[in-house]
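Subject: Handing over a structure, with notes

Dear colleague,

Please find the structure below, followed by my notes on what was found in it.

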Amino acid sequence: MSCFLRKSLRLKGFSLFHHILASSTWFSCRHFSHSHSLPYNNTSPRFLVPSGSYSNGYWSQHNRFWTSETAATEPSTSDGLTLQGILSYNWAVLDENDSDWKSHASAIAQSIHLIKRRLQWRKLKVRLDMLSVQLNKADLWDDPVHAGKISREHGSLLGKMKEVNALEQELLEHIDMIKLARQENDQDLESESLKALLNMRREAKEKELEALLSGEQDSCSCYIEVQAGAGGTESMDWAAMVMQMYKSWAQQRGYKVTVMDEMPGEIAGIKRATIKVDGEFAFGYAKAEVGVHRLVRISPFDSNKRRHTSFAAVAVIPILGDGSTHVQINESDLRIERFRAGGAGGQHVNTTESAVRIVHIPTGVTATCQNERSQHQNKASAMAVLQSRLDQLEMARQAQLNAHHTQSLTDITWGSQIRSYVLHPYRMVKDLRTNYEVSDPDSVLEGDLDGFILSYLSASLDEDEDEA
Amino acid sequence: MKLSLSSVYRPYRFPTLINSSALGRPFCSPALSSPSTILKPQVPLFLRPPINSTKLCDLKKWHDWAKGVATSIGSAFVHSDNGPDSSLLCREIKWLMEDAVEDHSVFSHVGLEGDECVKMRVDIEELYCLWKQRVQERRPFQYIVGCEHWRDLVLSVQEGVLIPRPETELIVDFVCDVVSKNEDLKRGVWADLGTGSGALAIGIGRVLESEGRVIATDLSHVAVSVAAYNVKRYCLQDKIELREGSWFEPLRDMEGKLAGLVSNPPYIPSKDISGLQAEVGRHEPRVALDGGIDGMDALLHLCDGAALMLKPGGFFAFETNGEQQCRALVDYMENNRSGSFCNFEILADFAGIQRFVIGFHQ
């Protein structure tokens, strides 16, 4: 039997498992009927998303069937293990290389749980039910535009729900398979199933990450700006350290880093600087860094070796792709100035300083670039920065109209204190939002930020969930 | 990574043997060239072959030394003649390294340590000399690296040729504006008088239609050679013609035919020359700076010539020393050349100084 099973699995994949079981006498009827009645296990084409051509009668029938079924039965393994069950066991998540199915299962369950949170699962179900009700209305197609919209949204939400449900189902099937293999003492099947579980673990992790970064601008490149707080050279040095941290982080992630603007301090460090980080999801990750970063250490600039606390503020601005709505900038609304201009200019002066500052008069938003070697190029770069700032402003304005997003979007300016870096008297970096902490500040300052970023992104899902 | 970085600094990847193949012949055929004095322009540092090799640690040693020298300057130059301060000099060190080192990715190594070798376009000894010249002799940075980034161009420059200024970039913007509204001017013949490195001619050449042409003149043989080199680097030989000679002299055949005329002539009053910033006064060609007693000699001459050379509706743009000269120039045109020009405008540069006079021929 197990030999036959393996062969079928290889040929047709796991989805056939239950059909195979159905023809066997190895499993109780209870289990078989249970799993077969699950809606996402149904491969009938009738379950495809409606294109609007279905009759109302069919739809209502179909939807009632679907919604009631999900509510009634939570998918489980043959011995009744559910996703919630796996989560509540709290099995330790070990390294991928440890071939422990419980570890894999736990990791996958956590990923699925997180994806559900990101989708606002409960709200999603409510919304889906509401859409179903609307789709059931007899006069729906009197307004074809509205009907199309409803039916499209229904289809898209249904698709998302089915995808997650399929993941959940797949996990439980794998577990069933492993248990079966053990019962059968079939080591080949067990290792094969374990391998499948491991693949699924990786896939679920990727999906989890996608779910974390599903914000509208998350996939964009971005600008990161660091500004030194009050406190002279010590805080300018700190700002330079923070900027270096982001440069290293971005390079380690394979992003391209370009310095747009850098205003050095008189003795050391920077007053402020802007870098451009080019690559997929740069904004999605970097937005977690917005806020004030605090450093505590014995200042190397203090001859009395006293302990100092300094601050650096970080802002992150998405660079919208070409497809997005750009704010139209009127040339006449701009004032373009030579930065650090002075003296007679023209032929009198030879300088390699060609920085340009652009002021958008109606909003007062400014942008400077001094990294390029010609004024023309500095102006072009500064215009790009200005464009992104104005786009961001416009997004925040629009978001205020959609009250729900206001919070998250207005956060993407200079925020409040988010993280502490203590080098003395003890050594620790702690995120004040998530309480995530690391006892090795050096590695963090060398760009090892992913732990902080991911824990923040997950935590902000919790907030979304709470709000919902 | 390497490729994308290098292309940032080299907008056009020309083969580095551009110069050696010329074999002493001028790149273009200037109408009035004198074959006896053929000049071979210098190749900018960033285009030289990377035939030298230096250990990273030695480069780092140079870098630290150069930075130390730059830092020790503080704001001494600023106080003496409004020269560069140490932060500007430090940025120049970075740019010098970018031009001198073949593979820029070495800069992302935080340490720059080790025995690893990097390929360089210049010997490390010469790099020491160059930076000494920069700081001790105040030799302009653009002459050190042999180029100036101007608009989206990288132009070769050398002693004897005025380094194009950022202010002058705006003249190309004015021309862009004018030709975008007037197809006839876009297809016409333009002139850049006293072209120097060829900056304005090349900038304008790139915004004209395919039929449009530019004639660039300069009195200086060095300037004409360098301009020709730059024109060739941007493959504009068919569009830009270089003529050696003083102002309108080489343009006798163009009377009443020019669609446009631009110039950044010498406009500094003679008495101010001695007080100039060392980079300018000690190193740049006086002939490109000194505009006579009130600095207006060339500008007035250009006005007179423009009235003769421009066709009806033709456009002109001149750079001046500032507000005073702008007003004087407009006065002169209104009083002495009344009826020749119209639609004058005085325009400011990005520092807010009234810098340009533009207008049209009646």
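Leaving aside residues up to four places away in sequence, A227(B) touches T195(B), G196(B), S197(B), G198(B), A201(B), A216(B), D218(B) and L242(B), where two residues are in contact if their C-beta atoms, placed from the backbone, lie within 7 Å. This is a predicted model, in which local features need pLDDT of at least 70 and side-chain atom pairs count only at pLDDT 80 or more, while totals for chains, interfaces and linings use all residues. Residues are numbered from 1 along each chain as its sequence is written, and chains are lettered from A and ligands numbered from 1 in the order in which they are written.

A227(B) and I204(B) are the residues with the most contacts inside the largest nonpolar core, which has 91 residues. A nonpolar core here is a set of buried Ala, Val, Leu, Ile, Met, Phe, Trp, Tyr and Cys residues joined through C-beta atoms within 7 Å; a residue is buried if 20 or more other C-beta atoms lie within 10 Å of its own, exposed if 12 or fewer, and partly exposed in between, with C-beta atoms placed from the backbone. Helix 10 (residues 221-233) of chain B gives the largest share of this core, seven residues. Because domain 1 (2-145) and domain 2 (161-361) of chain B both give residues to this core, it lies between them, the domain bounds coming from an automatic or database domain assignment. A second, separate core of 75 residues includes M200(A), Y255(A), V316(A) and F350(B).

**Strands and helices of chain B**

Chain B has 13 helices and eleven strands; helices (H or I, at least four residues) and strands (E, at least two) are DSSP runs, numbered from the N terminus. Of its 362 residues, 46% count as buried.

Seven strands of chain B form an open sheet in the order 7-6-5-8-9-11-10, with mixed pairing, two strands being paired if DSSP finds at least two bridges between them. Its edge strands, each pairing on one side only, are strand 7 (240-244) and strand 10 (341-348) of chain B, and the twist averages 15° from one strand to the next. Within chain B, strand 5 (residues 189-193) and strand 6 (residues 213-218) pair in the parallel sense over five bridges, and A191(B) stands opposite I215(B) in strand 6. Helix 7 (residues 169-181) of chain B lies across strand 8 (258-263), strand 9 (310-319) and strand 11 (354-361) of chain B, and runs at about 155° to strand 9; axes are lines fitted to C-alpha atoms, for helices over the stretch in contact, and angles run from 0 to 180 degrees between N-to-C directions.

Strand 3 (residues 147-150) and strand 4 of chain B pair in the antiparallel sense over four bridges, forming a hairpin with two residues between them, and R151(B) in the turn has a positive phi of about 50°. Both faces of strand 4 (residues 153-156) of chain B are covered, with L153(B) and L155(B) buried on one side and V154(B) and S156(B) buried on the other.

**Where the chains meet**

The contact between the chains takes 34 residues from chain B and 24 residues from chain A. On the side of chain B that touches chain A, helix 4 (86-100), strand 3 and helix 11 (278-281) of chain B each give two or more residues, and helix 4 of chain B gives the largest share, five residues.

Best wishes
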